[in-house]
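This briefing goes through selected features of one protein model. Please look over the sequence and the structure before reading on.

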Amino acid sequence: MDASYRTLLRQIELAGSCTHPVRLLGEMVNLATGEVGTKALSVSCKDRREQICPACSYLYKADAWILVSAGLIGGKGVPDSVFDHPRIFATLTAPSFGSVHVRRSDGTCRANSGSRCLHGVERRCLLRHDEGSPVLGVPLCTSCFDYEGAVTWNAQASRLWNRSVEQMRYDLAAYRGISVPQLRRETRISYLKVAEYQRRGLVHFHVVLRLDGPGDAFAPPPSWMDVNLLHATLTGVIVHFELVGLDRENVRWGSQFDVKKLAVDDRGDLRVASYIAKYATKSTGDALALARRFHSRREIELQSLDPHLKRMATTAWDLSRRPELERLHLRHHAHAFGFTGQLITKSRYFSTTFKDLRGNRREHMAQFNESDPVAGTFSYDGRGYDDPRASEVAELLHQARTEVRKVARDQRVMSRGISQGETR
Ligand SMILES: [Zn+2]
Ligand SMILES: [Zn+2]
Ligand SMILES: [Zn+2]
């Protein structure tokens with residue numbers, strides 16, 4: 001192997017096989033030799049989206065899994081005893097903003113709806129759409145579909161969730177006949193929530209919720225607060241709670257929701273963790289066009305996007321002019337159809353953080369890095385590798401590693417199968 005290739009591989013290795021790392025330029029002091037110099041360094045982009053960076057997305061998925069499983073069954077500083085706390089897994093959706101093509105469990109779309117809409121479009125669809133069909137999530141009539149309502153819902157969904165948690169505290173306190181500050185002295189609601197896009201361009205949330213005692217010792221909550229009460233309280237809030245929106249329209253949850261008690265069965269809990277980690281790395285309609293912020297309305301128009309999603313984006317762009325919606329910064333979030341929040345959010349005490357997990361990984365990697373310790377200050381020097389071949393090589397390396405991991409996993413499963421067969 002020639003030297004330049006070896007340097008290239010070393011660079012890719014140091015950036016964790018990232019496809020387009022952030023380049024930093026540093027003034028460095030070698031702490032062992034006292035030598036001063038400049039040093040270029042590539043650090044991984046840490047993008048969660050698989051189409052942007054497969055390697056970083058893989059790590060993000062692993063971290064998301066750890067965050068959720070630690071909060072459900074303990075680990076990473078959270079005691080195993082949280083396993084016995086009341087815990088719930090819920091899916092909350094947006095209301096309907098107009099009929100869209102769907103695939104029901106029996107494979108039909110909208111076979112039972114009747115007549116035509118104001119615009120003369122049939123409200124019925126007798127087709128059966130394949131899983132992954134581009135027509136799924138597209139409105140039957142785009143004139144009937146309330147694009148403004150959909151975008152403002154996305155934009156206020158995070159606030160709707162935060163206020164729903166407040167309402168839960170209020171309801172729990174009322175149930176017990178105590179004040180909210182008194183309730184806070186007895187219990188704490190911890191949660192982790194992941195936003196995922198539905199095909200119609202609206203977000204929905206998967207939430208893992210746990211009740212703790214007060215303080216930072218992860219004590220159990222008082223005995224009156226059990227999983228049935230938690231289930232009933234959250235369900236009540238989803239059905240009844242209404243938030244007065246910034247445009248004075250009420251914001252509420254959709255009628256499609258699911259609230260599950262997590263039983264004392266750790267396999268189920270780990271399945272929840274995998275489920276959430278999977279959604280955390282998925283992007284909107286898997287369209288690369290929506291991966292980054294738009295800079296102009298024209299830029300949105302020029303994208304080769306599904307017309308429905310394009311209209312969601314232009315609606316967000318246009319709504320940003322409304323003074324009452326100003327603080328939603330809809331222009332910045334047009335590529336996210338108005339959604340202003342983080343894809344994963346958690347309350348402080350749910351479990352560990354992405355930041356801590358990354359810090360641990362860095363320390364772990366440093367053990368295997370035999371070069372002298374250095375100190376210095378870094379400044380941003382751009383994106384990507386110097387060598388144009390590097391991104392492609394990084395992606396190939398990541399693919400190869402994933403393949404190796406998969407083969408190893410298959411072999412483990414096979415050998416387990418064989419040994420189980422023998423003992424039977
Ligand atoms: Zn990356
Ligand atoms: Zn249809
Ligand atoms: Zn219509």
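The model is predicted. The zinc ion (ligand 1) is held by C18, C45, C53 and C56, while the protein donors of the zinc ion (ligand 2) are H101, C109, C125 and H129. Helix α8 covers residues 307–319, and 10 of its 13 residues are buried.

**Zinc ion (ligand 1)**

- The donor atoms are the SG atoms of C18, C45, C53 and C56, at 2.2 to 2.3 Å from the zinc ion (ligand 1).
- Angles between the 4 donor atoms run from 102 to 115°, so the arrangement is tetrahedral.
- Along the chain, the donors of this ion have the spacing C-x26-C-x7-C-x2-C.
- C18 sits in the loop between α1 (3–14) and β1 (22–30), and C45 in the loop between β2 (36–43) and α2 (54–73); the pair is 27 residues apart and links distant parts of the chain.
- C18 has a relative accessible area of 0% and is buried.
- C45 also counts as buried, at 15% relative accessibility, because the cut-off for buried is under 20%.

**Zinc ion (ligand 2)**

- Two histidines and two cysteines supply the donors: H101 through ND1, C109 and C125 through SG, and H129 through NE2, lying 2.0 to 2.3 Å from the zinc ion (ligand 2).
- The 4 donor atoms subtend angles of 106 to 112° at the zinc ion (ligand 2), which makes this arrangement tetrahedral.
- For four tetrahedral donors the ideal angle is 109.5 degrees.
- The donor residues of the zinc ion (ligand 2) are spaced H-x7-C-x15-C-x3-H in sequence.
- C109 and H129 both lie in the loop between β3 (87–92) and α3, so the pair ties together parts that are 20 residues apart in sequence.
- C109 is buried, with 0% relative accessibility, and H129 is buried at a relative accessible area of 7%.

**Helix α8**

- With 13 residues at 1.5 Å a residue, α8 should span 18 Å; its end C-alpha atoms are 18 Å apart, so the two values agree.
- The N-terminal end of α8 is capped by D306, which has a side-chain oxygen 2.9 Å from the backbone nitrogen of H308.
- α8 is mostly covered; its buried residues are H308, L309, K310, M312, A313, T314, T315, A316, W317 and L319.
- The packing partners of these buried residues are α3 (147–176) and α7 (297–302).

Definitions and conventions: Residues numbered from 1 in each chain as written. Chains lettered and ligands numbered in written order. Predicted model: local features only at pLDDT ≥ 70, side-chain atom pairs only at ≥ 80, totals over all residues. Heavy atoms only, no water. Helix = DSSP H or I, 4+ residues; strand = E, 2+ residues; numbered from the N terminus. Expected span 1.5 Å × (residues − 1). Buried < 20%, exposed > 50% of the residue type's maximum accessible area, 1.4 Å probe, protein only. Contact = heavy atoms within 4.5 Å. Polar contact = N/O pair within 3.5 Å; in protein donor to acceptor, adjacent residues only side chain to side chain. Donors = N, O, S within 2.8 Å, 3.2 Å for Na, K, Ca; no water. Tetrahedral: all angles 85-135°; square planar, octahedral: opposite > 155°, others 65-115°.
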